[in-house]
Amino acid sequence: MNIGFCTCTILALLFLILSIIFALLKEKGANYVSGFNTLNHPEKYDKAYISRDMCNQCFIHFVILCIGSVLSYYLSAYVAIVAILVWLILFFRNFNLDAEKAFEKYLIQ
């Protein structure tokens, strides 16, 4: 068993669990998103949309890492490196240090 398979599998399971948690919590799941509690007026934001979006993002991360895990097991350990790089690019694409900017797409119109 190679280290790439183990790494992708563990990360994939972690994101699957997070996806399930956000799906079950619905609106309450927005409180567990990093930076949401630091907003000045959290009532201005669509909590259900935030939670649903986090659920979808975690599920996409799960799929990418699951594919990397399976291909790493059957093909080569280097496939896991590619899967983790793709995951990192997607993960940091949505990364913002400013909470207001990070949540501006969730404002209730």
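This is a predicted model: local features need pLDDT of at least 70, side-chain atom pairs count only at pLDDT 80 or more; totals for chains, interfaces and linings use all residues.
Trainee: Is alanine 48 buried, partly exposed or exposed?
Mentor: The relative accessible area of alanine 48 is 23%. Buried means under 20% and exposed means over 50%. Because its value lies in between, alanine 48 is partly exposed.

Trainee: How many Å apart in space are alanine 48 and threonine 38, C-alpha to C-alpha?
Mentor: In sequence, alanine 48 and threonine 38 are 10 residues apart. In space, the C-alpha to C-alpha distance between them is 18 Å.

Trainee: Is serine 72 buried or exposed?
Mentor: Serine 72 also has its place in helix α2. Leaving aside neighbours within four places in sequence, serine 72 is in contact with Asn2, Gly4, Phe5, Ala77, Val79 and Ala80. Its relative accessible area is 1%, and buried means under 20%. Serine 72 is therefore buried.

Trainee: Are α1 and α2 roughly parallel or roughly antiparallel to each other?
Mentor: The axes of α1 and α2 come within 8 Å and cross at roughly 160 degrees. Angles over 145 degrees count as roughly antiparallel. The two helices, α1 and α2, are therefore roughly antiparallel.

Trainee: How many residues of the contact of α1 with α2 are charged?
Mentor: α1 passes α2 in a left-handed crossing. The residues of their contact include 17 nonpolar and eight polar ones. As for charged residues, the number in the contact of α1 with α2 is none.

Trainee: Is α2 roughly parallel or roughly antiparallel to α3?
Mentor: The axes of α2 and α3 come within 8 Å, and their crossing angle is roughly 170 degrees. Angles over 145 degrees count as roughly antiparallel. The relation of α2 to α3 is therefore roughly antiparallel.

Trainee: Which residues of α3 make the contact with α2?
Mentor: The residues of this contact divide into 12 nonpolar, three polar and no charged. From α2 come Ile60, His61, Ile64, Leu65, Gly68, Leu71 and Ser72. From α3 come Val79, Ala80, Ala83, Ile84, Val86, Trp87, Leu90 and Phe91.

Trainee: At roughly how many degrees do the axes of α1 and α3 cross?
Mentor: Helix α1 covers residues 3–25 and helix α3 covers residues 78–93. Their axes come within 9 Å. The contact is made by Gly4, Thr7, Cys8, Leu11 and Phe15 of α1 and by Ala80, Ala83, Ile84 and Trp87 of α3. The crossing angle of α1 and α3 is roughly 35 degrees.

Trainee: Is lysine 26 buried or exposed?
Mentor: Lysine 26 has its place in the loop between α1 and α2. Its phi is near 50 degrees, a positive value in a residue other than glycine. The relative accessible area of lysine 26 is 58%, and exposed means over 50%. Lysine 26 is therefore exposed.

Key: Residues are numbered from 1 along each chain as its sequence is written. Side-chain values use heavy atoms; hydrogens and water are left out. Axes are lines fitted to C-alpha atoms, for helices over the stretch in contact, and angles run from 0 to 180 degrees between N-to-C directions. Helices (H or I, at least four residues) and strands (E, at least two) are DSSP runs, numbered from the N terminus. Contact means heavy atoms within 4.5 Å. Angles under 35 degrees count as roughly parallel, over 145 as roughly antiparallel, 65 to 115 as roughly perpendicular and the rest as oblique. A crossing is left-handed if the near helix is turned anticlockwise from the far one by less than a right angle, and right-handed if clockwise. Ala, Val, Leu, Ile, Met, Phe, Trp, Tyr, Cys and Pro count as nonpolar, Asp, Glu, Lys and Arg as charged, and the others, Gly among them, as polar. Buried means under 20% relative accessible area, exposed over 50%, partly exposed in between (1.4 Å probe, protein chains only).
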